[in-house]
Amino acid sequence: MSPSPSLNEKVHDVEIEHQRDAEADLRHAVDEEFGGHEARQKLEKKLIRKLDARMSILIVIYILNYVDRNNASAARLRGFETDLNLKNQEFNTLLSILYVGYILMQIPSNMFLNYIGKPSIYLPCCMVVWGMISTLTGMTHNFVGALLTRFFLGFVEAAFFPGALFLLSKWYKREELGMRTAVLSCGSLISNAFGSLIASGILDGMEGKLGHAAWRWLFFIEGALTMFVAVCAIFILPDFPATSQTWLSPEEVRLAERRMEEDVGVGDESETESGGPMHGLVMALTDWKVWWLALALTSLVVSLSFNAFFPTLSATMGYSSTITLLLCAPPWVFATIVAFLTCRHSDMMRERFWHIAVPLALGIVGFVIAISTMNLAARYISLFLMAQSYAGFIVFLTWVSNSIPRPPSKRAVALACINAFSQLGNIAGSYVWPKPWGPSYAHSYAICISTNGLCIIMCYLFKRYLEQQNREFAKKEQAEGQPVGFRYLS
């Protein structure tokens with residue numbers, strides 16, 4: 001015979017029922033502000049559609065961001081090294097120097113963006129400058145000239161990616177953020193696919209035009225395209241909810257701010273910001289989670305360094321430069337599809353770790369295949385497996401925003417700090433693929449396997465920590481009779 005509930009248990013159950021009723025009343029009152037529950041849902045769908053339409057320009061910008069950054073690898077196939085008289089590790093230095101400026105500027109850039117609240121002006125202006133610098137790279141005639149343009153290119157490009165991640169996190173709820181981050185980051189994967197196709201067309205058809213080598217035209221054309229898109233972006237990109245008054249109605253602005261408040265239980269600005277503009281910097285730099293995620297991402301970035309050398313790895317199959325560039329496209333198209341589906345499923349399941357670990361594990365399989373054989377079919381399949389590991393990278397970036405939700409000044413610095421620190425992996429990765437290690441690049445792949453494995457281990461430990469935190473939140477809420485509140489996604 002089961003024991004009957006005690007008086008205390010009955011009282012506790014009644015209290016919980018009252019709290020649930022109070023929550024329902026509160027939600028009803030909030031919805032009434034927007035004309036009721038159905039009216040709010042309709043308005044919210046309209047807001048998301050308008051927002052998605054404007055945010056789509058970020059994909060185009062990111063494609064051009066990566067194209068301008070990686071076009072040196074394509075130019076290498078058509079005389080870039082010879083015309084500039086590059087020797088030994090000088091080409092690798094040109095790749096790595098970009099990330100020096102990239103690292104230095106990310107934190108100040110995001111702090112400035114959070115302060116002015118006008119990404120529609122700031123990001124396109126930076127884009128115009130980096131397009132101009134990319135164009136000037138086509139006019140260089142020696143190592144020093146190319147080194148300077150690459151350094152300042154990284155200096156200015158640093159504004160875009162952490163700024164775009166921060167902009168997304170100011171508008172979208174956590175369960176919406178994964179897919180949007182995926183769509184944005186797919187821009188880099190698309191750039192690897194179609195950047196190679198564009199490069200093959202320019203390099204094949206522009207040789208000797210107006211007395212310039214084809215690789216110079218590559219920088220001229222792609223830099224000019226970047227500047228044109230930047231001007232268009234000024235009129236398309238949204239600002240933050242608090243500063244977007246021109247394309248949203250007052251009701252839509254209130255709803256956008258209310259959505260962010262409901263997502264984590266506090267407002268994004270007035271209820272979380274205190275201590276002045278430097279407070280977010282101090283909070284981010286003294287949070288161990290920021291440094292743990294930064295180190296894990298750095299390890300992951302080293303394992304993804306094959307990206308900058310993809311045409312070189314494709315060339316090991318022995319085809320002409322044009323066919324080599326065309327062969328680069330299918331693996332990145334495949335990676336784009338995998339990344340989109342992975343991030344969408346991650347959002348649906350509200351889970352992050354396994355959606356990072358599985359693509360990275362498949363990437364390790366690709367590295368092992370590349371080490372084990374020089375068979376053309378097997379090596380080409382390995383390129384597909386390597387490329388799809390970018391899905392884990394994209395989910396990781398979403399996890400960062402989810403794990404450091406508020407205040408926005410801290411989140412801005414944390415996103416920039418983690419992304420900037422991880423660029424040390426790109427600097428190291430620039431030297432992971434020296435020509436003497438080719439054509440098998442067995443040592444390079446071994447390094448990628450090691451760093452990939454380290455990232456998986458660090459992510460697993462972080463997952464266990466977040467799960468422990470969630471249990472403590474639940475225990476505290478139960479003890480205090482509070483409703484279910486914020487939870488980390490693990």
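Tyr441 sits in the loop between α19 (408–429) and α20 (442–480) of this predicted model. The phi of Tyr441 is near 55 degrees, a positive value in a residue other than glycine. With a relative accessibility of 4%, Tyr441 counts as buried. Asn85 is another spot to look at: this residue is not a glycine, yet its phi is positive, at about 55 degrees. You will find Asn85 in the loop between α4 (80–83) and α5 (90–116).

Now to the charged side chains. The count of salt bridges comes to 15, including the pairs below.

| Pair | N to O distance |
|---|---|
| Glu44 and Arg40 | 3.4 Å |
| Arg76 and Glu81 | 3.2 Å |
| Lys118 and Asp239 | 3.4 Å |

Let us start with Glu44 and Arg40. These two lie about one helical turn from each other, because they are four residues apart in helix α2 (residues 37–55). Both Glu44 and Arg40 are buried. They also belong to a network of salt bridges that links Arg40, Glu44, Lys173, Glu176 and Arg259.

For the bridge between Arg76 and Glu81, both partners are again buried.

Lys118 and Asp239 meet in a salt bridge as well. This pair links distant parts of the chain, 121 residues apart: Lys118 is in the loop between α5 and α6 (119–137), and Asp239 is in the loop between α10 (214–234) and α11 (250–264). Lys118 counts as partly exposed, at 35% relative accessibility, whereas Asp239 is buried, with a relative accessible area of 9%.

How values were computed
Residues are numbered from 1 along each chain as its sequence is written. This is a predicted model: local features need pLDDT of at least 70, side-chain atom pairs count only at pLDDT 80 or more; totals for chains, interfaces and linings use all residues. Side-chain values use heavy atoms; hydrogens and water are left out. Buried means under 20% relative accessible area, exposed over 50%, partly exposed in between (1.4 Å probe, protein chains only). A salt bridge is a side-chain nitrogen of Lys or Arg within 4 Å of a carboxyl oxygen of Asp or Glu.
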